Amino acid sequence: MREPPYRTVLKPYGEALVALARTRPEVVCLGADLTRQTETDLFRDALPERFFNAGMAEANLIGMAGGLARAGHVVFVNTFGVFCTRRCYDQIAMSVAYPELDVKLVGFMPGLSSPGGPSHQAIDDVALMRALPNMTVVDPADAAEVTQAVAAIADRPGPVYLRLKRGEQPVIFPENHRLDLDRAQVLIGGERADACLVAAGMMIPAALAAARVLEAQDLAVTVLNVPVVKPLDTATIVDAVRHSRMVVTAENHSIVGGLGSAVAEALSEAGVPVPLRRVGVRDRFAESGSREYLFARYGLGTQDVIDAAWHGLAIERAPPRAPVVPPVPGAYAPV
Amino acid sequence: MSGRDRDDATDRAADFRRIASRMRLSAVRMVAIQGFGYLGQALSSAEIFATLFRGGVLRHGHDRFVLSPAHYAIALYAAAAEAGLLDEQELDTYGRDGTRLEAIATERTPVADLVCGSLGQGLSGAVGLALAVHLAGEDRVTYAVLSDGEMEEGQIWEAAMFASHHRARMGTLRVIVDANDSQVDGPVTSVTTLEPLADKWRAFGWRVADVDGHDVTALLDALVDDPDDRGPLIVIARTHIFGRMRAFPRATDGHFIKLDAELERALTAELEAALA
């Protein structure tokens, strides 16, 4: 594993989508007046005949995607996560999910990664998409996972929701890292752990940083990367948590209905009797602000993961402090 | 028009009146089994579906057919049986547990390429299908049946704007609206003012034909291809929710009809008389 601050790359999604479309003539790209913001200016310029801008009309956008997919296309739909999920939920349910069409919904600016306030912060997109039958929900953590996710979701039959950080993508995982849509991955860990940290997407850096701090306190820690929230790799998660004294879930999303809920459901049904703490947005709308400010203020920081593990283990002394990683221009560090 | 042509046209109109009457009779029988259903939709749209499925308009298996208001499934089933696409006996399963002929059409529904039980979504799907036709360089025509009530949904107008703006990137798209002035809460005109419907669609960049929806000749003329203009076409078919049948009590809710034995007998007698 690399160490923060992580170097970043620009537009890995946009480049991967063009590369995919060059080899797959059935791939088409739809957007809704956010072309550069969704990195699909690359697609528009490279393959204009297969690019369609629906304008600010998301309901129609989803309906057209369904029609194109019904005719045999693999349709990538690109907009911000809030507009992609909240605004046209019934359209996704009826025009995409129910008929199991090859529509890949790509929602940018997950959770509190947007400075734009509640209208632009997708804190419930995973919950909404997870509730739909037939839907696969993907929350990748780094540039390599984003690149690999594009071909992987195109190969997976049926509808997919892919939530993507906008702008610079951190390079977190080593060169040989492979995204597997069917498996969660143990990033850190041995046979037994005091705390099992189950994280996805933009909370992976915080989970890794928290693990280092806890390990320095002579605690054994497992970190699981869960890039696919649905269908959940229950087997890997249950197995890891069975060998832990407690579990923390960490997601850049509401604690209602996302990764934390999915893990809680899986552990309850499997009868795993360990304490569970959920790190995420605590059932509230946030505000405008920088990622650093919002993650710290709304409980998405490394310190929040440390505290959750510490209190879950019922350790009486004060929890250790998270390291402060000074910001480096162009690099990415956990809060 | 020569005398011979006029006679042919008169014969054809008479043929279609019989087809529409048979479809209405099928619909009465389907609804009579359970005593309730979406009968009004079949009565108002019988000529529209007769035109599409028996008028040489829709090339089944080649052209695309979108049924946006899925409650109109009853009309689709009746028309499909008339066109030999569905076994007449299967109509008896309409709306029953386990049937594929569900009262509100679904992904299991035969004959249609796309249906929408949640109203207002069908035109977007039709536009998507028409975009795919153009990308593939095919000559399929995309037909979509819409209802007037669902034009209260904003998505219809999103799709209307897109289709007009992107007309050069789409295969031929033809929409027929069953303007029967009926929705759940009563006449559309009493709920929301949609008029002037034709002017609205013209303003959105569509070719518009505004016709008597019970006149098959007018419907056929409106759907004739104009090879010089491939812009999207909408045919506003003005209809009566009970298909101008005399047997209907005026107070009946047209959206979802409870059919008692007396009404069934009266409707059946009127339709059988028309077919005699």
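Two residues are taken to be in contact if their C-beta atoms, placed from the backbone, lie within 7 Å. On this criterion, in what is a predicted model, 20 residues of chain A are in contact with 19 residues of chain B. The side of chain A that touches chain B draws at least two residues from each of two helices, helix 3 (58-70) and helix 5 (89-97), and helix 3 of chain A provides the largest share, with nine residues. Classed by residue type, this side of chain A comprises eleven nonpolar, seven polar and two charged residues.

Elsewhere in chain A, three strands form an open sheet in the order 8-1-15, with antiparallel pairing. Strand 1 (residues 6-9) of chain A is joined to strand 15 of chain A by two bridges, the two strands running antiparallel, and A:Tyr6 stands opposite A:Tyr332 of strand 15.

A further strand of chain A, strand 7 (residues 160-164), has five of its five residues buried, so it is largely enclosed by the rest of the structure. In a regular strand the side chains alternate between the two faces of the sheet. In strand 7 of chain A, A:Val160, A:Leu162 and A:Leu164 point one way and A:Tyr161 and A:Arg163 the other way, and all are buried. Strand 7 of chain A runs parallel to strand 5 (residues 103-108) of chain A, to which five bridges join it, and A:Arg163 is the bridge partner of A:Gly107. Strand 7 of chain A is also joined by three bridges to strand 6 (residues 136-138) of chain A, again in parallel, with A:Val137 opposite A:Tyr161.

Chain B contains nine helices and eight strands. The radius of gyration of chain B is 18 Å, close to the 19 Å that the globule rule gives for 276 residues, so chain B is as compact as a globular protein of that length. The C-alpha atoms of chain B fill a box of roughly 55 × 45 × 35 Å along the principal axes, and 49% of its 276 residues count as buried. Among contacts in chain B with a separation of 6 or more, 77% are between residues 24 or more positions apart.

Within chain B, strand 4 (residues 142-147) is mostly covered, with six of its six residues buried. The buried residues are B:Thr142, B:Ala144 and B:Leu146 on one side of strand 4 of chain B, and B:Tyr143, B:Val145 and B:Ser147 on the other. Four bridges connect strand 4 of chain B with strand 2 (residues 64-67) of chain B in a parallel arrangement, in which B:Val66 stands opposite B:Ala144. Strand 4 of chain B also pairs in the parallel sense with strand 5 (residues 173-179) of chain B, over six bridges, and B:Leu173 of strand 5 is the bridge partner of B:Thr142.

Technical notes. Residues are numbered from 1 along each chain as its sequence is written. Chains are lettered from A and ligands numbered from 1 in the order in which they are written. This is a predicted model: local features need pLDDT of at least 70, side-chain atom pairs count only at pLDDT 80 or more; totals for chains, interfaces and linings use all residues. Ala, Val, Leu, Ile, Met, Phe, Trp, Tyr, Cys and Pro count as nonpolar, Asp, Glu, Lys and Arg as charged, and the others, Gly among them, as polar. Two strands pair if DSSP finds at least two bridges between them. The radius of gyration is taken over C-alpha atoms; the globule rule is 2.2 Å times the number of residues to the power 0.38. A residue is buried if 20 or more other C-beta atoms lie within 10 Å of its own, exposed if 12 or fewer, and partly exposed in between; C-beta atoms are placed from the backbone.
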